[in-house]
Amino acid sequence: LEGHGERSLDDGERNGFSLVREALIKQGYEVDTLSLLKETAVPENTAILILAGPQRPVTPDEQDRIYTYVEQGGHLLLLLDPDTQADLGPLLKRWGLTAGPGVLVDLQDRLAQGDLTALLVRTFTEHEITQDLTAAVLFPLAWHFTFDDQAGKDWDFVPLARTSPNSWAETDIKGRVVSLNEKEDVKGPLPMAVALSPKSPPVEGKPRPAIVVIGNSTFATNAFVNFPGN
């Protein structure tokens with residue numbers, strides 16, 4: 001998706017996605033951009049729709065179009081950074097998801113000598129996406145997700161990657177406080193990558209929806225994508 005300050009597929013600089021694009025093309029994918037401000041629906045031949053680090057608001061109409069795409073069996077990958085104006089809360093809520101609050105701090109699983117918010121994630125769930133991961137994934141700045149069983153009652157929720165028990169979501173990062181405030185912060189371990197799949201059994205010949213949400217987009221940029229786990 002484009003139109004909200006997303007990271008560019010053509011950008012060869014540190015913050016661009018040109019290396020990811022090359023990797024996907026080598027795997028046989030056709031990679032293209034889509035504007036749901038111009039199109040009234042996600043094209044039917046879309047294998048997966050990716051929102052990669054939107055910075056500005058995704059309009060309610062666009063969110064409806066994304067929701068319809070998923071309901072009709074589409075596959076959605078959301079790479080959502082903390083502290084943006086993307087405002088995808090209403091869309092996430094339809095599936096029982098909430099992002100944040102705060103930014104993840106981990107005293108245990110982090111980059112040595114790096115910022116407390118530079119997470120080296122080592123805790124993965126047994127899932128086909130993560131089962132073969134042997135190296136830590138570097139998330140330079142991330143937030144977590146929670147799941148509401150009632151709002152998402154039609155979906156199976158799987159946390160794909162978590163922080164360590166010695167972590168929390170810091171709600172006052174501006175103050176650079178590096179201690180857990182029991183009243184305001186959220187104690188870990190916390191999931192920063194999650195997957196949703198329908199609880200209903202598959203219907204033969206009918207596409208099956210799938211959603212993956214990751215609380216960071218920087219890990220896939222040219223600057224970080226060649227880190228072993230990324």
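**Sheets, then a pocket**

Modeller: Ala169 stands opposite Val186 in β11. This is a predicted model, where local features need pLDDT of at least 70, side-chain atom pairs count only at pLDDT 80 or more, and totals for chains, interfaces and linings use all residues. Residues are numbered from 1 along each chain as its sequence is written, and side-chain values use heavy atoms, leaving out hydrogens and water.

Biologist: Which strand is joined to β11 by 2 bridges?

Modeller: Terms first. Strands are DSSP runs (E, at least two residues), numbered from the N terminus. Two strands pair if DSSP finds at least two bridges between them. Here, β10 (residues 167–170) is joined to β11 by 2 bridges, and the two run antiparallel.

Biologist: What is the strand order in the open sheet of 3 strands?

Modeller: The order is β4-β10-β11, with antiparallel pairing. β4 (103–106) and β11 (186–187) stand at the edges with a single partner strand each, so one side of each has no neighbour in the sheet.

Biologist: Which residues lie nearest the centre of the second largest pocket?

Modeller: A pocket is an open set of points on a 1 Å grid over the protein atoms alone, where a 1.4 Å probe fits, with protein on both sides within 12 Å along at least five of seven lines; lining residues have an atom within 4 Å of a point. Of the 20 lining residues, Glu71, Trp155, Pro198, Ser200 and Pro209 lie nearest the centre of the second largest pocket.

Notes
Helix = DSSP H or I, 4+ residues; strand = E, 2+ residues; numbered from the N terminus.
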